[in-house]
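Hi there,

Here is the structure I promised to hand over. Please open it next to this email, and read my notes below as you look around.

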Amino acid sequence: MAPKISLTRYLVTEQRIDGAIPADLRLLLEVVARACKSISLAVNKGALGGVLGATESENIQGEVQKKLDIIANEVLIEANEWGGHLAAMASEEMEGIYLVPNRYPQGEYLLLFDPLDGSSNIDVNVSIGTIFSVLKKPEGVGVSEQDFLQPGRNQVAAGYCVFGPQTTLVLTVGDGVAMFTLDREQGSFVLTQENVKIPEDTKEFAINMSNMRHWDAPVKRYIEECLAGKDGPRSKDFNMRWVASMVADVHRILTRGGIFMYPWDKREPEKAGKLRLMYEANPMAWLVEQAGGAATNGRQRILDIQPGKLHERVSVALGSKHEVERLTNYHLEG
Ligand code: AHM
Ligand code: MG
C-alpha cells in the first residue's frame, strides 16, 4: 500500500519540487491547518463543550455572534500571531485589521478568514466550516487596511475546512486543488484527493429559493428554466440542494459539480449581495477556478473585482463552467 501523504509532506513537496510555495507560506498553512483542528474539536464537542448558542454581541455586519464564531476567531488569531509569518489578519468577526503584536516578528503575509461559516447551522448539527485567504503584503513600512484591498487574483493561497461527517481541509496554492481528511487517530490531515476537477456541465443548482421574488430578471430566468425541467428550454430535469453553509455547498460542487448562487436581491438594494468578497467569495472563487470551474458576480469575474473596503459584499455565482457562463450571458443580454 502506498504511504499516506500528510499535509506536511504535501506542502514540503510543493515547496521543494514544484517551487509553488516559499517556506514561510508553508508554515502559515500548517498553522492554519492546526487551528482548524482545534476548531474541529470544539465543534465536535457541541453541547458537551458548552460551545453552542449565541452571545450578546454583534459583529460589524450587524449579525448576532454565536459562541463558536468567537471561539474560532480567537483560535485562528492565537495560532497565527506569534509565528513570524504574518503582518496582519482580518476576519468577518472583527471590524478592523488585527496587527501582529510588536513582541512578535512581522512577516510578509496577510491572512483573511471567515472563522465559522454557516453560523445558522451550528446549533442544528449541520456542516459548517472555516474559510481562509492569503495575500502578500505590498512593499513598504508598516501595514494598513489599504494593503488588504487587493483583487482575489493576487491570492497566494486559499482554502476552507469543512466540519461535517468528516473534517476535510481543501487547499490551493495555485497548483490545482487538493483535499485532506483529518485522521483523528493520527491527529493529522491526510491527502485524500488531488487535482480536483469540477464537471463543466451539471443538473444541480444551489440557491435560497425563498428569496426568488426579490431576484433580478437574469437570475429568475436561469432558475425558472431549470425548474421547467425536461419540457423546458433546458430539456433536462434539475435537482436542488441548499445547505446554507457556503463551505458545504462549495464542497459538494468541488466533489460532483453544480452551480451555487447567492445573488444580489431587492431586499437591501444598496448591498451588492450577502456574501463577503474578501474572505468568502475570493477564496472560493479561486478554488473553483483552480478546479476548472468559473466564478462571477454576474458581470465580472470575482477574482478581478477591486475591493473598496474590507467587509465589501458581492453577488456570487460559481461552479460548473458551462452553467456559470450561461448565467453570465443572461446578465449580459438583460
Ligand atoms: P455567515 O458567514 O454569517 O455564516 O453567513 C454566510 C452564509 C453562507 O455560508 C451561506 O451560503 C449563506 O450565509 C446562507 O444564507 P441564508 O441563511 O440566507 O440561506
Ligand atoms: Mg460566512
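Let's begin with a pocket. The second largest pocket is lined by 14 residues, and nearest its centre lie Ser127, Pro165, Ala248, His251 and Arg252. (A pocket is found on a 1 Å grid over the protein atoms alone, as an open set of points where a 1.4 Å probe fits, with protein on both sides within 12 Å along at least five of seven lines; lining residues have an atom within 4 Å of a point.) Its volume is about 280 Å³, where volume means the space filled by probe spheres set on the points, and grid points are joined across faces, edges and corners. Helix H6 gives the most to this lining, with five residues. By class, the lining of the second largest pocket has five nonpolar, six polar and three charged residues. (Ala, Val, Leu, Ile, Met, Phe, Trp, Tyr, Cys and Pro count as nonpolar, Asp, Glu, Lys and Arg as charged, and the others, Gly among them, as polar.) At least three lining residues come from each of domain 1 (7-193) and domain 2 (204-333); these bounds come from an automatic or database domain assignment.

A word on ground rules. This is a predicted model, in which local features need pLDDT of at least 70 and side-chain atom pairs count only at pLDDT 80 or more, while totals for chains, interfaces and linings use all residues. Residues are numbered from 1 along each chain as its sequence is written, chains are lettered from A and ligands numbered from 1 in the order in which they are written, and side-chain values use heavy atoms, with hydrogens and water left out.

Now for the largest pocket, which holds about 430 Å³ of space. Its lining has 26 residues, and the closest to the centre are Gly118, Ser119, Ser120, Ala244 and Lys274. Eight of the lining residues are nonpolar, seven polar and eleven charged. Where does the largest pocket lie? Domain 1 and domain 2 both give residues to its lining, so the pocket lies between them.

Next, the metal. Asp114 (OD), Asp117 (OD) and Glu280 (OE) coordinate the magnesium ion (ligand 2) at 1.8 to 2.1 Å. (Donors are N, O and S atoms within 2.8 Å of the metal, or 3.2 Å for Na, K and Ca; water is not among the atoms, so sites may look incomplete.) The donor residues are spaced D-x2-D-x162-E in sequence. Asp117 lies in strand E5 (residues 109-117) and Glu280 in helix H7 (residues 277-290), so the pair ties together parts that are 163 residues apart in sequence. (Helices, H or I with at least four residues, and strands, E with at least two, are DSSP runs numbered from the N terminus.) Asp117 is buried at 5% relative accessible area, and Glu280 is buried at 1%. (Buried means under 20% relative accessible area, exposed over 50%, and partly exposed in between, with a 1.4 Å probe and protein chains only.)

Finally, have a look at strand E7 (residues 157-163), where seven of the seven residues are buried. Strand E6 (residues 128-136) runs antiparallel to E7, with seven bridges between them. (Two strands pair if DSSP finds at least two bridges between them.) Thr130 stands opposite Cys161 in E7. On to strand E8 (residues 167-172): six bridges join E7 to E8, also antiparallel, and Leu169 in E8 is the bridge partner of Cys161. A hairpin of three residues joins E7 to E8.

Happy exploring!
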